[in-house]
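Me: I would like to go through this model with you, one topic at a time. Please keep the answers plain.

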Amino acid sequence: MTAATYQYVDLPDASVVTTRALLTARENISDTVAARAMMCIHGGAGFGKTLAVNTCLRALEPGEDVRKITFRARPTARAVRYELFTALDLAGEPPRHPSEFDRLLKTALAERPRTFLVDEAQWLNGEAFECFRYLWDEPSTQLAIIFVGGEGCHTVLRREPMLSSRIFIWQHFTRLTPGEVLEVIPLFHPVWADAVPDDIAFADQHAAHGNFRAWAQLTAHTRTALTRTGRSRVDQELLRWAFSRLA
């Protein structure tokens, strides 16, 4: 797994760890794709949602045609259609009229089974979610959709009975528990492989707080500290220096 997978941190030698959440996601995604259904994976920032979903979906390729869409701002219904047009690599100019646009998308989606990963789905409002539901409801499309987003994604979907009633599986990602941290972090990166459990717990309590993205940032600073001091092993003095960069 490349360093970029760990979200904005250049972290050589990091490994994807099979947490309980990832194992659950693997089972849930597999079942959702097999059923050609929709699911929602939601939780706080940095809890490993996108990493887990990307890892699980890659395991389904190349047999499954997976297309990824990411939103960075609140899209209109037309913007959603444009994103789908681009994700499907459709030729020509996008249609101007919504009905014509929808016919084109339904025709393209009927060609073969597909799975859409809709990341940063907390940016979607009811109208945008409705675009996906409309295409998914078409029997010929054979479409599976994985919505991944913050708590706002879950909130919007739950407010819309027409949408929430169609969600096949809900999965909530949470922080790693203190026990999970001691199991997972030594496998996450060589920096922690021989660290004293008390020092890992110290790092989690004062800086990472069970958040995988925070652990990635802390690990990057800890690697720097080890290199600069010439030390071979993490200790609390070194960790306090790393903490000072995260304050």
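Me: To begin, is glutamate 120 buried or exposed?
Reply: Glutamate 120 counts as buried, because its relative accessibility is 19%. Buried means under 20% relative accessible area, exposed over 50%, and partly exposed in between, with a 1.4 Å probe and protein chains only.

Me: What kind of model is this, and which cut-offs apply?
Reply: It is a predicted model, in which local features need pLDDT of at least 70, side-chain atom pairs count only at pLDDT 80 or more, and totals for chains, interfaces and linings use all residues. Residues are numbered from 1 along each chain as its sequence is written, and side-chain values use heavy atoms, with hydrogens and water left out.

Me: What is the mean pLDDT?
Reply: The mean is 92, and 96% of the residues reach 70 or more; pLDDT is the predictor's confidence in each residue, from 0 to 100. Over residues 1-6, pLDDT stays under 50, and the model has 18 contacts beyond four places in sequence for this stretch. Contact means heavy atoms within 4.5 Å.

Me: Back to glutamate 120. Where is it, and what is its phi?
Reply: Glutamate 120 is in the loop between strand 3 (114-119) and helix 5 (126-137). Its phi is near 55°, which is positive in a residue other than glycine. Helices (H or I, at least four residues) and strands (E, at least two) are DSSP runs, numbered from the N terminus.

Me: And histidine 209, what is its phi?
Reply: Histidine 209 is not a glycine, yet it has a positive phi of about 55°. It sits in the loop between helix 9 (197-208) and helix 10 (212-229), and it is partly exposed because its relative accessible area is 40%.

Me: Where is the cis peptide bond?
Reply: The bond from glutamate 61 to proline 62 is cis, with omega near 5°. Proline 62 belongs to the loop between helix 2 (49-60) and strand 2 (66-70).

Me: Now the overall picture. How many helices and strands are there?
Reply: The protein has 11 helices and five strands. Of its 247 residues, 51% count as buried. The C-alpha atoms fill a box of roughly 65 × 35 × 35 Å along the principal axes.

Me: Which residues of the largest nonpolar core touch the most other members?
Reply: They are Leu84, Phe116, Val118, Leu124, Phe129, Phe132 and Phe147, out of 31 residues in that core. Strand 1 (38-43), helix 3 (77-87), helix 4 (98-109), strand 3, helix 5, strand 4 (143-149) and helix 6 (151-159) each supply at least two of its residues. A nonpolar core is a set of buried Ala, Val, Leu, Ile, Met, Phe, Trp, Tyr and Cys residues joined through side-chain atoms within 4.5 Å.

Me: What does leucine 84 touch?
Reply: Not counting residues up to four places away in sequence, leucine 84 touches Ile69, Leu105, Phe116, Phe132 and Leu135. There is also a second, separate core of 28 residues, which includes Val17, Ile185, Ala207 and Ala208.

Me: Ile185 is in helix 8, then. Which residues of that helix are buried?
Reply: In helix 8 (residues 178-188), Glu180, Val181, Val184, Ile185 and Phe188 are buried. They lie on the same side of the helix, because they cover an arc of only 105° around the axis; the arc is that of the directions from the helix axis to the C-beta atoms. Their cover includes helix 1 (20-35), helix 9 and helix 10.

Me: Is threonine 115 buried or exposed?
Reply: Threonine 115, in strand 3, counts as buried because its relative accessibility is 0%. Leaving aside neighbours within four places in sequence, its contacts include Val33, Arg36, Leu57 and Ile146.
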